[in-house]
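I opened the model to look up a few things. These are my notes, in the order I took them.

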Amino acid sequence: MFTTVLQNLFNALQWGSFYSMIALGYCLVYGVLRLINFAHGDIFMMACYFAFFIATFFLSIFLGLPGPVIFVITLFLTIMVTAGLGVFIERVAYRPLRKKGAHRLYVVITALMLGFILENGNLAVLGASSRRFPDMIDKVIISFGGVNLTNLKIIVILSSIVVFFILNLIVNKTKIGMAMRAISYDKFAIPLMGIPVNKVITFTFALGSGLAAVAGILFGMSYPVLDPYMGMIIGWKAFIAAVVGGIGDIKGAFLGGFILGFIEIIVVAFFPSSYKDLIAFVILLLILTIKPTGFFGVAKSTKI
Amino acid sequence: MMLQIKDLKVRYGNIEALHGLNFEIDRGEIVTLIGANGAGKTSTLLSLSRLAPPDAPTVFEGDILFDGESILKTEPHKLVEQKMMALVPEGRHIFGNLSVQENLDLATYAVKEDHQFVQETEDLVYNLFPRLKERQKQRSESLSGGEQQMLAVGRALMTGCKFIMLDEPSMGLAPVLMYEMFRALRELNKNGITILVVEQNAKVALDFATRGYVLDTGEIIASGSSDELRNNKDVQKAYLGG
């Protein structure tokens, strides 16, 4: 019994890690633009594909290179490329709307459409067949007291924690991070401090997409079958997780991901797995009914 | 002349807010713009700040010259980065989720790695407003209105700009705090800061400034030294309570 609980605990932590890393991206963009970037789940999907191509390429040309080295190279390049994609999307889709002073509704619709464009663009270019993510790190199973863990699972969990601490450092200790927090409170005064608003926004998209890239590559390694729609469900779930945790706060979004991970695993432990999403979302709905601002959300008070 | 405003016409959407403003400010001056509510005082400052619509009106005619060069195409953050002018906006717009210290730190965003300048200015701000020092680590939304106003002024100083525009700095302040604020501003002026202050409270503004302009529905209707304006019959009638 105890080992089952422990086993499930680690599964929950792993899924929570994926949700959290994606939820943080929603949270960052929301904080800066008050925009739910509905294309974010598909940026995650694109990251999986980028990682797939980069890893395959390096594995085929550098046959002698050890897996972990290729993993690090792939991680680094995938983060760069995905961050670039996020910044590109912001430039071509969101910034023109912002310049014209478009209502928030149109920006959200644009985000939804962008998601579809990424999914279907991928489908058109690469075809419908799903792809298998190459193995970069040999799977090692670590057993203790009847609990079986793969090294990958540990890497995923540790990565999410490291990523969160780095993000925390950026947001709290650097000037650009300070500007990100300030912009979420009062956008008007940002240029008056000599801060280019667009630069802060660009940085935010790069950061959020970079986090999605870390999630993407690790997800590809853990569940190696890629298809163009894989970002949709996991993206929606991460978004909901962010809201349940409190989307205005990175701590909230991070914990929200783990809350969702735990609820899902617990439901699966007691009910048929086809009930998983149904029961999980009913629970999340209840949480939101009781605390609409999410666990860490604070209703912003405006002061004159 | 440091700042020259030439035949400035601005509009919000299709509504013209300023109908051809002309005025100028030299280094080291304290100048005030007075006028009733809706006269175009805030529109003037926001036009100078170069903030983009919808935060500020659109300039469609005329020019704004800083040291003889047009700043109409300059982005607002560049004005601060090049240390031209800082605006203390109406309603203060401090970052309430940041601490007092963080608000001041953030204002040095464009100040290029000059630790000595940052340290000196920070000392100046805390000397000027000792209350801020006491509340250094506090979330700034927990400050009183007067303290928030002090923080807003402190932030403008931290940008390193030598020309500061203030929009209604006395609004919502108790008289004691208001005088404290103007005393601090006068001290700053003695240290070489040029000040343009917009006020509804004409009496206070004229006591503080050396000269001023009177704005009425988007036009300047009178100008002169503070004494001249105080003795101007029309100004007395309209703005100084007879």
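**Contact between the chains.** I started with the contact, which takes 18 residues from chain A and 27 residues from chain B. I count two residues as in contact if their C-beta atoms, placed from the backbone, lie within 7 Å. On the chain A side I find twelve nonpolar, two polar and four charged residues. For these classes, Ala, Val, Leu, Ile, Met, Phe, Trp, Tyr, Cys and Pro are nonpolar, Asp, Glu, Lys and Arg are charged, and the others, Gly among them, are polar.

**Ground rules.** This is a predicted model, where local features need pLDDT of at least 70 and side-chain atom pairs count only at pLDDT 80 or more, while totals for chains, interfaces and linings use all residues. Residues are numbered from 1 along each chain as its sequence is written, and chains are lettered from A and ligands numbered from 1 in the order in which they are written.

**Helix α6(B).** Helices (H or I, at least four residues) and strands (E, at least two) are DSSP runs, numbered from the N terminus. I checked the length of α6 (residues 145-158) of chain B: its 14 residues should span 20 Å at 1.5 Å a residue, and the end C-alpha atoms are 20 Å apart, which agrees. The expected span is 1.5 Å times one less than the number of residues. Next I looked at burial. A residue is buried if 20 or more other C-beta atoms lie within 10 Å of its own, exposed if 12 or fewer, and partly exposed in between; C-beta atoms are placed from the backbone. Twelve of the 14 residues of α6(B) are buried, including B:M150, B:L151 and B:V153. The buried residues pack against β6, α3, α4, α5, β7 and α7 of chain B. After the helix comes B:G160, with a positive phi near 85°.

**Helix α4(B).** Which residues of α4(B) are buried? I find B:T121, B:V125 and B:L128. They sit on the same side of α4(B), because they cover an arc of only 70° around the axis. The arc is that of the directions from the helix axis to the C-beta atoms. An α-helix has 3.6 residues a turn, so residues three or four places apart point the same way. On the other side, B:H115, B:Q116, B:Q119, B:E120, B:D123 and B:N127 are exposed. The cover over the buried residues of α4(B) includes α3, α5, α6 and α7 of chain B.

**Sheet in chain B.** I traced an open, mixed sheet of six strands in the order β6-β7-β8-β3-β9-β10. Strands pair if DSSP finds at least two bridges between them. β6 and β10 of chain B are at the edges with a single partner strand each, so one side of each has no neighbour in the sheet. β6(B) runs parallel to β7(B), joined by three bridges. In that pair, B:L87 stands opposite B:M165.

**Hairpin in chain A.** β2(A) and β3(A) run antiparallel and are joined by four bridges. They form a hairpin with two residues between them, and A:G145 in the turn has a positive phi of about 50°.

**Two single residues.** I looked up A:V214, which lies in α7(A). A:V214 is buried, with 26 other C-beta atoms within 10 Å. It touches A:M21, A:I79, A:S159 and A:V163, leaving out residues up to four places away in sequence. B:T217 is in the loop between β9 and β10 of chain B. With 13 C-beta neighbours inside 10 Å, B:T217 counts as partly exposed. B:T217 and B:A17 are 200 residues apart in sequence, yet 7.6 Å apart in space, C-alpha to C-alpha.
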